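Biologist: Could you walk me through this model?
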Amino acid sequence: MEDLSRFFTVIGAVFAAAKGITDQFKARWPWLGEPLDNPQAEKKRELRVIIFNATVAAILAGLASIDVFALLGLNAFAGLKASFPALYLIINMVAVGLMSTFGSPFLHEILSILIEFKENIRLHNQQATLQLLPVKKREPVVREK
């Protein structure tokens, strides 16, 4: 269980950093960031964003020497790591890129649901607090003419 928690912590940080870098590039590069009117062109743009984000995540994981398989407790690739470290690094980067491609949208949806749930709870608690406050009756104001 400890391996899994470390894995999600590290990969979550990599995905968040990759998303932040991708958002910065989307703001600067029109071909990557601006939505397009044509549905076909918009699908291609979205695919470019996904590929760019996965590439950034893979590069970050490679630069930070993050070993995805070791974080998951998979020692099956230990021989490959010892014999061919460059190949192992490429496989590791591809694994991070694939996880980023498929995992980021899924994690984004989960986080969106959790944030919305938290906001609904906050609003519910705020409404309950307002209902519990005593209501002071005001005396009618009589104005003299």
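Modeller: What follows covers the overall fold and then two places in the chain. This is a predicted model, where local features need pLDDT of at least 70, side-chain atom pairs count only at pLDDT 80 or more, and totals for chains, interfaces and linings use all residues. Residues are numbered from 1 along each chain as its sequence is written, and side-chain values use heavy atoms, with hydrogens and water left out.

Biologist: How many helices and strands does the protein chain have?
Modeller: The protein chain has 6 helices and 0 strands, taken as DSSP runs (helices H or I, at least four residues; strands E, at least two) and numbered from the N terminus.

Biologist: Is Thr 22 buried or exposed?
Modeller: Thr 22, which lies in helix H1 (residues 2–28), is buried, with a relative accessible area of 2%; buried means under 20%, exposed over 50%, and partly exposed in between, using a 1.4 Å probe and protein chains only.

Biologist: And what is Thr 22 in contact with, leaving aside its neighbours within four places in sequence?
Modeller: With those neighbours set aside, Thr 22 is in contact (heavy atoms within 4.5 Å) with Val 49, Phe 52, Asn 53 and Val 56.

Biologist: Switching topic, which residues make the nonpolar surface patch?
Modeller: Ile 90, Val 94, Leu 98 and Phe 102 make a nonpolar surface patch of about 420 Å². Of these residues, Leu 98 has its place in helix H6 (residues 85–132) and is partly exposed, its relative accessible area being 46%. Patch residues have over 30% relative accessible area and no salt bridge, with nonpolar side chains (Val, Leu, Ile, Met, Phe, Trp, Tyr) joined within 5 Å and like charges within 9 Å; a salt bridge is a side-chain nitrogen of Lys or Arg within 4 Å of a carboxyl oxygen of Asp or Glu. Accessible areas come from the Shrake-Rupley method with a 1.4 Å probe, and for residues only the protein chains shown count as cover.
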